[in-house]
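Please look at the sequence and the model first.

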Amino acid sequence: MLRRGPAMILAWLGAALIGLSLGLLGSGGSILTVPVLVYLVGEPEKIAIAESLAVVGGISLVGALPYALRRQVDWTSVVWFGIPGVVGTFLGAALSVYLSGAVQLLLFAAVMLLAAVMMFRSSPIAGEQGGEQVAGPRSPLKVGLEGLVVGVVTGLVGVGGGFLIIPALVLLGGLHMCLAVGTSLLIIAAKSFVGFFKYLGVLGEQGLSVDWSLILIFTAIGIVGSFLGARLGQRIAGERLKKGFAVFLVLMGAYVLATNVPKVL
């Protein structure tokens with residue numbers, strides 16, 4: 001059902017911000033989806049997490065297409081990281097049955113704060129030599145293990161985890177940044193869609209359902225915002241943007257903690 005009102009106008013602006021931040025930063029933007037759905041749209045926690053997975057998956061898939069057409073996707077890494085990530089996401093979504101929505105949001109707040117720490121770090125992901133990134137040695141076992149862990153987090157709290165996937169692909173998988181971003185987007189899309197379809201079953205067993213019109217509108221606005229963000233990102237200093245976004249994540253994470261700790265206690 002399509003909803004209207006002042007709160008929904010803020011929600012649509014939130015959807016645009018999700019896309020803009022994804023386009024500007026390359027990762028981290030999807031972490032805004034759940035708070036927007038919970039606090040601006042008013043969705044219950046578990047439904048918001050499921051809808052977030054669908055929105056993040058759609059935006060990431062469309063965002064990955066230009067990279068795939070330019071052959072800037074490492075398909076071997078998609079397999080090494082993506083398959084364990086998909087398995088982990090399925091497991092995380094299945095485990096969500098045993099957690100209350102408030103506990104899931106507490107975990108989500110912890111992920112937000114972790115993302116902020118990652119963005120505050122000013123050191124480069126990999127060293128540079130002659131203008132080219134120096135990639136580390138490939139480690140399929142380590143990449144697969146991190147893929148599994150990040151996948152579980154995705155299934156539990158509904159974030160894509162790009163802020164964790166990209167460093168793993170560069171440091172553990174040995175990819176250059178231009179390949180890591182496109183590869184990460186495809187992995188996020190695959191994990192998110194698997195988690196979403198698992199949540200459909202989990203919600204169905206509880207007599208709940210997602211709002212498909214909301215998902216479609218959020219995804220469409222987010223896609224437009226991501227393309228706009230990618231254009232703006234060419235003109236704005238990325239390091240300053242990341243640190244500003246990190247401050248925002250700290251504030252949002254603190255708010256999520258403050259509103260959900262009393263519910264758990």
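The sections below cover the basis of the model, the chain, its core, a surface patch and a salt bridge.

## Basis

The model is predicted: local features need pLDDT of at least 70 and side-chain atom pairs count only at pLDDT 80 or more, while totals for chains, interfaces and linings use all residues. Residues are numbered from 1 along each chain as its sequence is written, and side-chain values use heavy atoms, with hydrogens and water left out.

## The chain

The chain contains 10 helices and 2 strands; helices (H or I, at least four residues) and strands (E, at least two) are DSSP runs, numbered from the N terminus. Starting at the N terminus, the order of elements is α-α-α-α-α-β-β-α-α-α-α-α.

Of the 265 residues in the chain, 48% are buried. Buried means under 20% relative accessible area, exposed over 50%, and partly exposed in between (1.4 Å probe, protein chains only). The accessible surface is about 12100 Å², and carbon and sulfur atoms account for 70% of it; areas come from the Shrake-Rupley method with a 1.4 Å probe, and for residues only the protein chains shown count as cover. Among contacts (heavy atoms within 4.5 Å) between residues at least 6 apart in sequence, 83% join residues at least 24 apart.

## The core

A nonpolar core is a set of buried Ala, Val, Leu, Ile, Met, Phe, Trp, Tyr and Cys residues joined through side-chain atoms within 4.5 Å. The largest one has 66 residues, and Ile31, Phe81, Phe108, Phe218 and Leu249 touch the most other members. Helix H3 gives the most to this core, 10 residues.

Leaving aside neighbours within four places in sequence, Phe81 has contacts that include Val143, Val150, Ile165 and Ile187.

## A nonpolar surface patch

Val79, Ile83, Val87, Phe90, Leu91, Leu145, Leu148 and Val149 form a nonpolar patch on the surface, together exposing about 690 Å² of accessible area. Such a patch is made of residues with over 30% relative accessible area and no salt bridge, with nonpolar side chains (Val, Leu, Ile, Met, Phe, Trp, Tyr) joined within 5 Å.

Helix H4 (75-95) and helix H6 (140-157) each give two or more residues to the patch, and H4 has the largest share, with 5 residues. Val79 lies in helix H4 and is partly exposed, at 43% relative accessibility.

## The salt bridge

The whole structure has 1 salt bridge, defined as a side-chain nitrogen of Lys or Arg within 4 Å of a carboxyl oxygen of Asp or Glu. The side chains of Glu45 and Lys263 form this bridge, at 3.8 Å from N to O. Glu45 is in helix H3 (residues 45-69) and Lys263 in helix H10 (residues 238-264), so the pair ties together parts 218 residues apart in sequence.

Glu45 is buried, at 19% relative accessible area, whereas Lys263 is exposed, at 55%.

Key:
Patches are made of residues with over 30% relative accessible area and no salt bridge: like charges are joined within 9 Å, nonpolar side chains (Val, Leu, Ile, Met, Phe, Trp, Tyr) within 5 Å.
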